[in-house]
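Subject: The structure I promised you

Hi,

Here is the structure we talked about. Have a look at it first, and then read my notes below.

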Amino acid sequence: MNVEQQMVGMMGVCCYILSCENTSKAAIVDPGGDEQKILDRVSELGLDVVYIIATHGHPDHVCGNRTLKEATGAEIVMHEADDDFSSQSQVQSYFSMLGLEASPPTDLRVKEGDTISFGDVSLQVIHTPGHTPGGMCLYTTPDLITGDTLFVGGIGRTDFPGGSHQELISSIREKLLVLPPDTVVWPGHGYGGSRSTIEEERTSNPFIR
Ligand SMILES: [Zn+2]
Ligand SMILES: [Zn+2]
């Protein structure tokens, strides 16, 4: 799988263009703004985007979903718990307060153990609640897209509605740190850096050591 990272939007979200090496099929993860920049890159690479995947339902990660769906016809994918959570009225009003566009309805609800496939790529869904109830990471050897669960040298905030520090730490320890040490960590924001490995985080991330 090819992984391309782009910093987008006013919240500095790391958006990912994931594409199959053998076909033109692709998925876009967390298009949190700068939709035209993302679309330009997609057409430059000649990709056929079949999925728009949200690592979680927060407005800064899904605000580009509508524009990208309209441009590509791709299906929107979200964990079922965050699909329920982000359609609640308090989350919707938070979206409009920030002036960010809400996502169109989710086309494909996924859960732990599901796979999201495009071309020859099969992404494994790892449910990692804590930052939000339906936060998820996407894994295919050797790449791990971690959203706001795990950052380079940091972890996601847990003071938003539906957050739980205990759950977040358990998710990271039990489901991410058990992956091969050389797994590449691709975070949802670039606060501490734009990429890392499981080994680096296991040994030097002060929040989970
Ligand atoms: Zn978030
Ligand atoms: Zn975020």
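One definition before we start: a polar contact is a pair of N or O atoms within 3.5 Å, where within protein one must be able to donate a hydrogen and the other to accept it, and residues adjacent in sequence count only if both atoms are side-chain atoms. One case here is His127, whose side chain has a polar atom 2.8 Å from the backbone oxygen of Pro133.

Some housekeeping. This is a predicted model, so local features need pLDDT of at least 70 and side-chain atom pairs count only at pLDDT 80 or more, while totals for chains, interfaces and linings use all residues. Residues are numbered from 1 along each chain as its sequence is written, chains are lettered from A and ligands numbered from 1 in the order in which they are written, and side-chain values use heavy atoms, with hydrogens and water left out.

Now the metals. Donors are N, O and S atoms within 2.8 Å of the metal (3.2 Å for Na, K and Ca), and water is not among the atoms, so sites may look incomplete. The zinc ion (ligand 1) is held by His56 (NE2), His58 (ND1), His131 (NE2) and Asp148 (OD), at 2.1 to 2.4 Å. Along the chain, these donors follow the spacing H-x1-H-x72-H-x16-D.

Which residue coordinates both zinc ions? Asp148 does, and the two ions are 3.4 Å apart. Asp60 in helix H2 (residues 59–62) and Asp148 in the loop between strand E10 (143–147) and strand E11 (150–151) are 88 residues apart, so the pair links distant parts of the chain. Helices (H or I, at least four residues) and strands (E, at least two) are DSSP runs, numbered from the N terminus.

Buried means under 20% relative accessible area, exposed over 50%, partly exposed in between (1.4 Å probe, protein chains only).

Back to His127. This residue lies in strand E8 (residues 121–127) and is buried, at 17%. Strands pair if DSSP finds at least two bridges between them. E8 runs antiparallel to E9, with 4 bridges, and His127 has Met136 as its bridge partner there. E7 and E8 are also antiparallel, over 4 bridges, with Thr115 opposite Gln124.

Last, the largest nonpolar core has 20 residues, and Ile53, Ile116, Leu123 and Leu138 have the most contacts inside it. Such a core is a set of buried Ala, Val, Leu, Ile, Met, Phe, Trp, Tyr and Cys residues joined through side-chain atoms within 4.5 Å.

Cheers
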